[in-house]
Amino acid sequence: MPLISFTDKGLYCEAGQFYIDPWQPVDKAVITHAHSDHARAGSQAYLCHHDTLPLLQLRLGPNHYQPVAWNEKITMNEVTVSLHPAGHIIGSSQVRVEYKGEVWVVSGDYKTEADGISGIFEPIPCHTFISESTFGLPIYNWKPQDELFQEIQNWIRNNQVAGKTSVLIGYSLGKAQRLLKALGEVTGTIYAHGAIWNVHETLLQAGWKLPAIQRVTPEIPKESYRGHVVLAPPSADGSLWMRRFPSASTGICSGWMQVRGHQRRRNADAGFALSDHADWNGLLQSVKATGAQKVYITHGFQSAFSRYLIEIGISAAEVKTEFGEEEEGAPADPLKGDEEGNSPPPPPAGGEDEFAPL
Amino acid sequence: MPERTPNISLEDTNTPLEAGAMVGGMASFAQLLFRLGTSTKTNEKLEALSGYFAHANEKDKVWVIALFSGRRPRRAVSGTQLAVWCTELIGLPMWLFQECYHTVGDLSETIALLIPEKSASTHSTEGAHTIGQPLHYYVEKFQQLEKAPEAEKKLFILQSWLELSSRDRFVFNKLLSGTFRVGVSQKLMVNALARTVQLEPNTIAHRISGNWDPASTTFTELLSEQLTQTDHSKPYPFYLAYALEDALPELGEPADWQAEWKWDGIRGQIIKRNDQLFVWSRGEDLITEKFPEFSILQNKLPNGTVIDGEILPYHDGQVLNFNVLQTRIGRKNITKKHLQEAPVGLFAYDLLELNGEDIRHLALRERRAALEELVLSLQLPFIQLSPVVSFTDWDELTTIREQSRNINSEGLMLKRRSSAYQVGRRRGDWWKWKIDPLTIDAVMVYAQKGAGRRSNLYTDYTFAVKDGDKLVPFTKAYSGLTDKEFAQVDAFVKRNSLEKFGPVRTVKPELVFEIAFEGIAASNRHKSGVALRFPRISRWRTDKTPEDINTLDDLKKMLQLYGK
Ligand SMILES: [Zn+2]
Ligand SMILES: [Zn+2]
């Protein structure tokens, strides 16, 4: 029996009698982060990082929670469990599991670039590493955050000159908080959708110092938005809610925006390849840095990434999980690829066949 | 049916709009394209283009005019070569390159994304790139390298990949692989140019038409009158009509209008100047060679004559099905057999130049009178006047239009008798009034993944009609569904495929579509015995089941009615 097995309820540690990010109700769930595809309702007890706790409470309501600090060792039936920063969103953690000298690490979602609020990802030496692969193709290599923020700021300034409202689409948990500081530098007021506002309030109450935002409400005269920035979650994109903003220019922040066709399909005025997931080089370096003898690849481009790892001499296998489902509770639309989605949006229509595959 | 303009998907606004950011070179051309790609408003596009023309270097401007008027450089290397060189350069296995290509859907972009960026410092804070040679350097180098040994091509391409930024590299690849398209009309480009050079758009449109080599023509030469005079082949820009929008009575007095049949052949200009004959197609291709029948006009037409007309399959006073002409279009060498089997004629619409004088400003009634005199004097059976359809009131004309299909016409043209011959597509004086397409309900039986950008989705379908209890496939049809519908059909195909033949899947015959088409002809290459012209999906009949679709007999009836 391997230390962690892949069951139909999720990743299961039999020796410790707990699951990691289970997708069905269980007795004991260790949660990597508060995104809906990793933190699901119905379990008896949850273990998570201190910073994840208020977010889980917001999402799942009152429950039995056990918050821990990074590097804090918890013992469950002789199995030692500890959480370590994953750099994905606030509170996001990798899970280290040790039993009789054998170490497994579950990455959850992670990114290798420090974004200033999500903790700094650190590779944890282990025998077996279970890694996500959302952007596990070599076309996905991100520009540094500073450069992307500058592009976003330039876009906003140009919208201001043209008398437009800048509507930025990004996840209410993660992207929204990450953007605030850069946005505050170029706009007077940052308006936000209710979903973002809820997360924001929760974080403020938990003691986070975040720039102020103003909730979009029906009472606000439409003209007040002009020249300012509105933050909205992907589920609001294309909805009636969006129509209130005068001369809106829409920009999407998502790793999928790396590919123009996906940008065009989303019908946005601008796309910024800003992601909370590791890019190709980040994934490769992290896998190598763990020194793991065996690597399991989950949600994303698992087959391509694991095949490549095998070719460069790392023992890898792909694993099917139920991570990567749409968050924010919006109905799944096959054409709307999202940051947390486990498959990229389909390529756009049009164009011509200029390259017959060999 | 939305008309799909070929588009070089260039959405990206990550650069400022100030002209100051234009630093010349490939980067400013790439920036222009990205701005054109992101703006949805004509005025913004116009500003982007005129801003470019105001700052770009002279040689680059000539190339931009060339590229935006359909003069693309020829493909210098194959896509496969590019793919192989890219994988060698970055040390990736070919299967992984292909995975990437399938996700991106565009070879040029795949390569642009895979080559690592030089370093962050090459992006200045304005977002403009100060590196890279000018546009003309690259395009002219492609031309020079066309016949060069492969190693030399490869060296140049790899070096360029490494020195260009990702965005410039994308444009470079598009130009290199002959897949450069731009979703901006020539008219818009001409209008932008007019803002910077103090010339009327019509004058510019004329001067940049015809035969000129972007590599050896300077910007000043191109826009000067001189070149127009020395280039005897130069056609006039075609005057194109919009589809009729309002009810006929809105047009006013029937007597002010000339009605003609709308023909669907090859719109062209026949030019005789300086004892030479030139035949141009609307796409601005010189097609003199393709129509040896017209060579007799070299002697018969007076110098300084330009006729606008339609080249049609024509025999014994009858316009034939367009299908007939298709057998000789695209052939390199026209044989005697082609001439016999696919005879052509010219239906003359208009006279643009008479005795060396541009008469486009004259009223249609005057030009028509001159045209009639000229054509009648030729006494050539294959040069006909496009017949004028006489009518006294709009109701009568509506009835006449019903006959269109019987004479292989697409409908009617309405031209104001007082109208000048204008430049490009204009509203007001000329209207086309096409008949509705033919339609048939059919069931989807095969599906194939799309090419290029659509390579992840099943988007190419084959449709069948009923013949007793059998299904007979009769046509493919591509466009016409929304992205959302494509995704739904794709999901259906994945769940309901019966067999796999290479890339083709046979699908449970369940989804019914209405197929629209412009014409029908007999064909022995098709199992069904018919070939359709311009078949496309007009709508998804979710309200119908395979029981309700049309039959092979229905198709055969249509063939009898319209397939002559
Ligand atoms: Zn996540
Ligand atoms: Zn995830």
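**Zinc site and positive-phi residues**

A:N71 sits in the loop between β6 (64-68) and β7 (74-76) of chain A; strands here are DSSP runs (E, at least two residues), numbered from the N terminus. The model is predicted: local features need pLDDT of at least 70, side-chain atom pairs count only at pLDDT 80 or more, and totals for chains, interfaces and linings use all residues. Residues are numbered from 1 along each chain as its sequence is written, chains are lettered from A and ligands numbered from 1 in the order in which they are written, and side-chain values use heavy atoms, without hydrogens and water.

Most residues other than glycine have a negative phi. Phi of A:N71 is positive, near 70 degrees. A:N71 is partly exposed, at a relative accessible area of 46% (buried is under 20%, exposed over 50%, partly exposed in between; 1.4 Å probe, protein chains only). In chain B, B:N274 has a positive phi near 55 degrees. Its loop runs between β3 (266-273) and β4 (276-281) of chain B. B:N274 is partly exposed, with a relative accessible area of 46%.

The zinc ion (ligand 2) is coordinated at 2.2 to 2.5 Å by A:H38 (NE2), A:D109 (OD), A:D109 (OD) and A:H299 (NE2). Donors are N, O and S atoms within 2.8 Å of the metal (3.2 Å for Na, K and Ca); water is not among the atoms, so sites may look incomplete. A:D109 also bridges to the zinc ion (ligand 1), and the two ions lie 4.0 Å apart. A:D109 belongs to the loop between β10 (102-106) and β11 (128-133), and A:H299 to strand β18 (residues 294-300), so the pair ties together parts of chain A that are 190 residues apart in sequence. Both A:D109 and A:H299 are buried.

How values were computed. Helix = DSSP H or I, 4+ residues; strand = E, 2+ residues; numbered from the N terminus.
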